[in-house]
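Please consult the sequence and coordinates shown here.

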Amino acid sequence: MPFGPVEIFALMIFGHMLGDYPLQGDFLAKAKNRFNPLPGTPWYHALAAHAVIHGGLVFLATGSLILGVLETIVHAIIDDTKCRGAISFNIDQALHVGCKVIWLIMLVVWTP
């Protein structure tokens, strides 16, 4: 690891803020919602694009493609659950940060 665990966690949180705010924007925030889709926009394209942005940012922060793929999958599931109305915005954000904690633990345990 070129950075220590604290720096990697900070990079993942920074990446999350980038991915959920300026890199998501109003279009993706609305278009990813299959329960209230934008006409003419496949919700799954928008949700996948948003989730892949997050996965890419985790990959860049950790250097682990596996963690990037896991982030992509879990981020999509969490956001779809929020769009369904099953969880609140605050729970959504807490789950995303919790995933970063899990990715960090996995990285530290698996890295020699």
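A residue counts as exposed when its relative accessible area is over 50%, and as buried when that area is under 20%. The model discussed here is predicted.

Q: Why does L65 count as exposed?
A: The relative accessibility of L65 is 57%. The cut-off for the exposed class is over 50%, therefore L65 counts as exposed. Its place is in helix α4.

Q: What makes F59, L60, L65, V69, I73 and I77 a patch on the surface?
A: Members of a patch need over 30% relative accessible area and no salt bridge, and nonpolar side chains are joined within 5 Å. F59, L60, L65, V69, I73 and I77 form such a nonpolar patch, with about 600 Å² of accessible area together.

Q: Which helix supplies the largest share of the nonpolar patch?
A: Helix α4 does, with 4 residues. Both α3 and α4 (65–84) supply at least two residues each.

Q: What makes a space in this structure a cavity?
A: A cavity is a set of points where a 1.4 Å probe fits but cannot get out. With a threshold of 30 Å³ or more, the search of the whole structure finds 1 cavity. The volume of the largest cavity is about 30 Å³.

Q: How do you know which residues line the largest cavity, and of what class are they?
A: Lining residues have an atom within 4 Å of a point. For the largest cavity they are L11, M12, G15, H16, H54, L57, V58, A61 and K100. By class, 5 are nonpolar, 3 polar and 1 charged. Helices α1 (5–20) and α3 (43–62) each supply at least two residues of this lining.

Key
Residues are numbered from 1 along each chain as its sequence is written. This is a predicted model: local features need pLDDT of at least 70, side-chain atom pairs count only at pLDDT 80 or more; totals for chains, interfaces and linings use all residues. Side-chain values use heavy atoms; hydrogens and water are left out. On a 1 Å grid over the protein atoms alone, a cavity is a set of points where a 1.4 Å probe fits but cannot get out, and a pocket is an open set with protein on both sides within 12 Å along at least five of seven lines; lining residues have an atom within 4 Å of a point. Grid points are joined across faces, edges and corners, and a volume is the space filled by probe spheres set on the points. Ala, Val, Leu, Ile, Met, Phe, Trp, Tyr, Cys and Pro count as nonpolar, Asp, Glu, Lys and Arg as charged, and the others, Gly among them, as polar. Patches are made of residues with over 30% relative accessible area and no salt bridge: like charges are joined within 9 Å, nonpolar side chains (Val, Leu, Ile, Met, Phe, Trp, Tyr) within 5 Å. Accessible areas come from the Shrake-Rupley method with a 1.4 Å probe; for residues, only the protein chains shown count as cover. A salt bridge is a side-chain nitrogen of Lys or Arg within 4 Å of a carboxyl oxygen of Asp or Glu. Buried means under 20% relative accessible area, exposed over 50%, partly exposed in between (1.4 Å probe, protein chains only).
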